[in-house]
Every structure is written in structure tokens, then in C-alpha cells.
Amino acid sequence: MPLIWLPTSQLLWVRVAALLFTCVAFSVAAHGALLPHEGMADWCIFCWAFSFACTLLVLLVEQFSLQTRAPVSWSNFPITIACYAALLCLSASIIFPLFFLRNQHFYGDSRSYRIVSTIFSCLAAVAYMGEVSLSKARPGEVAGYMATAPGLLKVCQTFVACIIFILVSDPVSYNQYPALEWCMAVYCICFILSMAVVVLCVGECTGCLPIPFSKFLSAYGLLAVIMYLTATIIWPVFQFDKWYQRQSRSDQSKLITVAVFTALNFLLYLADLAYTARLVFVSA
């Protein structure tokens, strides 16, 4: 009778733990948490279910040694998925208790289910962070681009941009002045280019560019830093200066959050540029 040999490694068990934690989180939330079928509840369920499905796919491919048949770069795909899953589970671990535990005046099984989902979401985020730590490239090690610091920063940049898109779209808070529309253009352009880098690396299509990939990264990194610097300055000026301010008091928290995430993404792009310049020029 043929047996499937399951190799044991620290990375394998971290992935299995993440798989179990996300499975428990979304199963418990869907079964007895009595969540509304809209908004942040759907987002949290999506975070856990997406992470579970992708981790299961990675485990199956690796345990059956199907990496060579996968239509993606296996040196880039697993760590990209792990990084996105870590960010998704981390966001769900923050959002879920804020929306569905804090100031909720009810007791019984539904509250217990929500507490369990929150705990396992936090455990899943820690597990995925551990997977990223185990999978990332070490100094002097040959690895895929997404396993390097600039590759992981690209994932963080796209994730932060998605949060900004959600915040500025409900209600729309960028159409009062052309300067704010420029900020929105910055978010969109940089998001598209960062996501394009991720897709090119995971799909092993970097050779399709008309210029060397390293030069593209350097030029794009410099452009993104300059563009985000302008957005970091313009957004708070036109949103919080009394001369331009038109928003109601109820919108202030979202606008402040957008300003914070804009500054955060500027720092991420600045760090990305520094790492990319080091990889390109120091290695050369």
C-alpha cells in the first residue's frame, strides 16, 4: 500500500498551525458569532478564508512535489502569500474586536464565539509572521525577489494602499480640490506599479520588460518616493487646514487615518528605495 511521505520541518509545522488557526477563526465566526452579512464582518471572514485557502494550496503543492508544474515562481509565491496572509489576519485581529466585541451589550454563546475567533485570528497572524521570518532571504543566500526586503516591502505597500482606498471611498473625500485628486492619483499609480512588480516576480515575467528589471525598480522607487512625499504634505494641508476644510467632524477620524497611512507608505517606499539601491549598486 503506497504511503505519502510527509517531510517534517519548522516551516511545515508553522504552515500547518496557520492553516488550523485560520480554519478555526472563520469556522467559529460563521457558525455561531451571529455576524451581519455585510461590511467589516465580510472582510474579516474573507481574510481568514483567503489565507486558509492559499495556505492549503501551498501545502498540497509542496507535499506532492508539484512545484515544477506550478505556473508560478515557487521561490516567490509561498512567501508572497504568507506576507499577504499575515497582513490580512493582522487587520482582521484589529478590526474584528473593535467592531464586534467592543461596546457590544450582549452575552452568551455568540460573544464566546467572537472571542474565540479573535484569539485564533491573532494566533494565525503570529504564525504567518513566523512563516515570513523563516522564508525570507538571509544575507548571502540566493532567493527569489519576493523573499528579499524590497519584495516584502512591495507587499506592504500594496496592502496599505488598499486600506487607503477603502477609507477615502466611503465617503468620497478626495474630490473637493485638484490637489486631493492628485493624492488619489499618487495612491493609484504607485499601487498599480507595486502590484505589477509583485505579479511579474510571482509569474516569472521580469524578463518581459524592455529595460533591465533592476533599473526599472530603481527608477520606479525614486518616482514613488517623490510622489508619496507630495501626497504626505498635500493631504493634511487640504484636509485639516481651516482655510480648505469642508469635512464634517464625523469624517475626521478617517481623514487622519488616511494621513497616517500615507506617511507610512512614504516611509515604506523610502526604505524600499534604500534597499533597492543597495542591492543594485553595492552588488554591482
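**Exercise 1. Work out how enclosed helix α5 is, and how far it reaches.**

Step 1: Count buried residues (under 20% relative accessible area with a 1.4 Å probe, protein chains only). In α5, 15 of the 21 residues are buried, so the rest of the structure largely encloses this helix.

A quick word on the model: it's predicted, with local features needing pLDDT of at least 70 and side-chain atom pairs pLDDT 80 or more, while totals for chains, interfaces and linings use all residues. Numbering starts from 1 along each chain, and side-chain values use heavy atoms, leaving out hydrogens and water.

**Exercise 2. Find which residues of the largest nonpolar core touch the most other members.**

Step 1: Define the core: buried Ala, Val, Leu, Ile, Met, Phe, Trp, Tyr and Cys joined through side-chain atoms within 4.5 Å.

Step 2: Out of 79 residues, they are Trp48, Met146, Tyr187, Val197, Tyr228 and Trp235.

Step 3: See who contributes. α3 gives the most to this core, with 15 residues.

**Exercise 3. List what tryptophan 48 contacts, skipping neighbours within four places in sequence.**

Step 1: Read off the partners of tryptophan 48: Thr22, Ala25, Phe26, Ala29, Cys89, Ala92, Phe96, Ser117 and Ser121.

Note on methods. Helix = DSSP H or I, 4+ residues; strand = E, 2+ residues; numbered from the N terminus. Expected span 1.5 Å × (residues − 1). Buried < 20%, exposed > 50% of the residue type's maximum accessible area, 1.4 Å probe, protein only. Contact = heavy atoms within 4.5 Å.
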